[in-house]
Amino acid sequence: MKTIKVLGSGCAKCAKTAETITRVAAELGVEVMLLKATDPQLFMQYGVMSTPAVVVDEVLVHSGSIPHRSEIERWLTGQ
Amino acid sequence: MILGWFGRLADVAVDGLGLDKASPLGGALHFFIEDTSKIFVLLVVMIYLIALVRASLRVERVRDFLAGRSRWLGYGLGSLSGAVTPFCSCSSIPLFLGFTSAGIPIGTTMAFLLTSPLINEVAIVLLGSLLGWKFTLAYLVIGMAVGVLGGLLLDSLHAERWLQPFARKAFERAAPSSAVGAATAAPRLSLAARHHFAIDELQDILGRVWQWVFIGVGLGAALHGFVPEGWIEQHLGAGQWWTVPVAVAIGIPLYSNATGVIPVMESLITHGLPVGTTLAFCMSTVAASFPEFILLKQVMQWRLLVLLFGMLLVAFTLVGWLFNLLAFWVL
């Protein structure tokens, strides 16, 4: 099961990112544990400088915008 | 000229609805249609073109670019970078921490954060088309000056001692002249990739900004059509010295996008609110907001937040007083 963290300060883009990932995961039938992280110390830990950012199984895969569906699918089906 | 088309479009629309341009409703509607159509077309063109150019810019590169600079150069470049880099204010915190962890002085980071919401291509397009180039130039100079001088002041006070402990530690741990990791190379993007990025940016920015255009122009239109000629001038036009700081104190916590505020500025000025007071109020509205202060609380102690508020209050008040005196030049 993949652990996906969505990093952000809680604005609409971050919520949209989390919601899109959950939806795509459901459609693809991939089991995912989704966490929303707002703690700024976490941003530093992953080297994130623009939010929303996505961390999949402890690897930073995306930052700075709401990811495209195609990118999400790639993460979920295993790069 | 092309811009005349929007006026004619509005004429047609107002006539078509059987209204008189000179009546309050007709006048307001005409203003609304002309300005919203003009603004949207200009926005689409400008955002797309600028995004094409800006596709390969990343905040990480800005950080590497700013790390290790000498003080004055740092403030100027920080402010300039803020002006040309797009970023959503919800990224204030990660950006602040990213810069700070690379050893970039808090003054430089703040120069970036202060100038960024004020100066962006959307604001420039609107100012240019609604208020003229002189006003736009004044706005640009002020935007950068607030960033540079604000940054200078913060560093002189060694404001880094007023950061939250974890942020301060990150700053102290960073070697001042080393960037985090090697300088990130610019990705080479094809025109097609740039086009896709530009379309994304267009959707993103328009999506965020369209309501503000309608609200801003709507308010401006209402003022235009319904507030009697001279009312504002009579009641607020004398520019008593205290109206400026009061306007700024109200403006700072308010949240607005530059997009929404600029059409309102135009209406306020044409109705007689002094240029300086209007400029001060509108810029302070855009420069900071209550939600942003709440976010910054996570990385700054109270003292620093209060200092920031005070700085903005003084800066925009001075701007307001100055432009009330210089009004004859800018308009």
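Let's start with one pair of residues: A:Val6 stands opposite A:Lys36 in strand β2 of chain A. Before I go on, please keep in mind that this is a predicted model.

Now, the strands around that pair. Strand β1 of chain A covers residues 2–7. Strand β2 of chain A covers residues 32–37. The two pair in the parallel sense, over six bridges.

β1(A) has another partner. Strand β3 of chain A, residues 53–56, is joined to β1(A) by four bridges. Here the sense is antiparallel. For a pair to look up on the screen, take A:Ile4, which stands opposite A:Val56 in β3(A). So much for the strands.

Next, where the chains meet. How many residues of chain A are in contact with chain B? The count is 12 on chain A, and they contact 18 residues of chain B. On the chain A side, the largest share comes from helix α2 of chain A, residues 40–46, with four residues. By class, that side of chain A has six nonpolar residues, five polar and one charged.

On to chain B. Chain B has 16 helices and zero strands. Is it compact or extended for its length? The radius of gyration of chain B is 21 Å. The globule rule gives 20 Å for 331 residues, and the two values are close, so chain B is as compact as a globular protein of that length. Along its principal axes, the C-alpha trace of chain B spans about 70 × 55 × 30 Å. Buried residues make up 46% of the 331 residues in chain B. Now take the contacts in chain B with a separation of 6 or more: 88% of them are between residues 24 or more positions apart.

Last topic, the core. A general point: in soluble globular proteins, nonpolar side chains tend to be buried together. Here the largest nonpolar core has 108 residues. Which of them touch the most other members? B:Val122, B:Ala280 and B:Met283. Helix α2 of chain B, residues 24–54, gives this core its largest share, 10 residues.

Let me zoom in on B:Ala280. Leaving out residues up to four places away in sequence, B:Ala280 touches B:Val244, B:Ala247 and B:Val248, and also B:Phe316, B:Thr317, B:Val319 and B:Gly320. That's my tour.

Technical notes
Residues numbered from 1 in each chain as written. Chains lettered and ligands numbered in written order. Predicted model: local features only at pLDDT ≥ 70, side-chain atom pairs only at ≥ 80, totals over all residues. Pairing = 2+ DSSP bridges. Core = buried A, V, L, I, M, F, W, Y, C linked by C-beta atoms within 7 Å. Buried ≥ 20, exposed ≤ 12 C-beta atoms within 10 Å, placed from the backbone. Contact = placed C-beta atoms within 7 Å. Nonpolar A, V, L, I, M, F, W, Y, C, P; charged D, E, K, R; others polar. Rg over C-alpha atoms; globule rule 2.2 N^0.38 Å.
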